[in-house]
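Please load the model in your viewer and keep a selection panel at hand. The tour below moves from one selection to the next and says what is to be found at each stop.

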Amino acid sequence: MMSNGEGKLVCVTGGSGYIASWIVTFLLQRGYTVRATVRDPSNPLKVGHLLKLDGAKERLQLFKADLLEEGSFDSVIDGCDGVFHTASPVSFIVKDPQTELIDPAVKGTLNVLKSCAKSPSVKRVVLTSSIAAILSNERPKTPEVVIDETWFSDPDFCRESKVWYYLSKTLAEDAAWKFVNENKIDMVVINPGMVAGPLLQPEVNYSVEPILNPINGVPFPNRSIGWVYVKDVAKAHIQAYEIASASGRYCMVERVVHDSELVKILRDLYPTLQISNKCEEDGPYMPIHQYSQEKAHSLGIEFTPLEISIKETVESFREKNIVNF
């Protein structure tokens, strides 16, 4: 990546997260000055990996901000040229979806966008959404189906299926589009699949758990889902900000695989590990579908093969002693 962020100030919300940490890394490499918001800037477990990045000493500033507190992003965003809003809770097991997922996702997104609306310096917002906001609807998902950016998840279908994370991402993206259209804000949305690849943060995040679980002997779920490399996703965010003609939404999926295929790749890569190849339910495997890559290619993204994403994820587990070899 070239360095063309010299002298530019940008904000990354939820800066210590999996994708966000890589966005911060690449922004610093490109010469940007970055203001990253985190829940607790004084907690070394949460921010230590960011402080170690090249350029962090000179050009990274950490701020405390709360998604649910209106106005808490005002001073951070004021003066910034661009805003990357990645902060949103990711959890698939929740007791109270409204409080744990939906409020922080929807209200948090609106709070960040309200701060952007107040700040005349902001030229563009890049929002991290998800294929969760694209794929959860009644439409068939069979091998010949190609899902693209015109698809939207149906909130009622999400509620009936009790897929609360999908609902939170769908409602947040809907609310964001409505707000930016009313307030004339230039926003581009990135919709990644399940994200894999090296971890900068110390703890395991939800999207790499399907890679860790079989290594720990846990049977895999019967599902087919799209995967993408974390660095490709981070690069797409920056390209979506830097390329003036970028607009709308961008699906980011290298390949859709059934979890059995994920396990097969793991077993081929690491024949000495005792990797579970049991599915947690009997019956036919869920079919795979496809995603269009045309728009992603227009951002200059060349997708990294899933095998590399998985290998680098496992190597990351090894380095962090999450898996013992």
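**First stop: a helix and its rings**

Select helix H1 (residues 18-29), where Trp-22 and Phe-26 both lie, four residues apart, or about one turn of the helix; helices are DSSP runs of H or I with at least four residues, strands are runs of E with at least two, and both are numbered from the N terminus. Before going further, note that this is a predicted model, in which local features need pLDDT of at least 70 and side-chain atom pairs count only at pLDDT 80 or more, while totals for chains, interfaces and linings use all residues. Residues are numbered from 1 along each chain as its sequence is written, and side-chain values use heavy atoms, with hydrogens and water left out.

Both Trp-22 and Phe-26 are buried, where buried means under 20% relative accessible area, exposed means over 50%, and partly exposed lies in between (1.4 Å probe, protein chains only). A search of the whole structure gives five aromatic pairs, a pair being rings of Phe, Tyr and Trp (its six-membered ring) with centres within 6.5 Å, called stacked for planes under 30 degrees apart, edge-to-face for over 60 and tilted for the rest. The ring centres of Trp-22 and Phe-26 are 5.8 Å apart and their planes stand at 40°, so this pair is tilted.

**Second stop: the seven-stranded sheet**

Now show the strands in the order S3-S2-S1-S4-S5-S7-S10, which make up an open sheet with parallel pairing; two strands pair if DSSP finds at least two bridges between them. Strand S3 (60-64) and strand S10 (248-252) stand at the edges with a single partner strand each, so one side of each has no neighbour in the sheet. Neighbouring strands here are turned by 20° against each other on average, direction ignored; axes are lines fitted to C-alpha atoms, for helices over the stretch in contact, and angles run from 0 to 180 degrees between N-to-C directions.

Zoom in on strand S7 (residues 187-192), which runs parallel to S10 and is joined to it by five bridges. Ile-190 stands opposite Tyr-250 in S10, and Val-189 stands opposite Arg-249 in S10. Helix H8 (residues 164-183) packs on the sheet and touches S5, S7 and S10, its direction making about 165° with that of S7; contact means heavy atoms within 4.5 Å.

What sits over the ring of Phe-152? The charged end of Arg-249 does, 3.7 Å from the ring centre, the criterion being NZ of Lys or CZ of Arg within 6 Å of the centre and within 35 degrees of the ring normal.

Finally, colour Leu-27, Val-34, Ile-190, Ile-211, Trp-227 and Met-252, which touch the most other members of the largest nonpolar core, a set of 84 residues. Such a core is a set of buried Ala, Val, Leu, Ile, Met, Phe, Trp, Tyr and Cys residues joined through side-chain atoms within 4.5 Å. Its largest share, nine residues, comes from H1. A second, separate core has 23 residues, including Leu-9, Ala-65, Val-122 and Ile-185.
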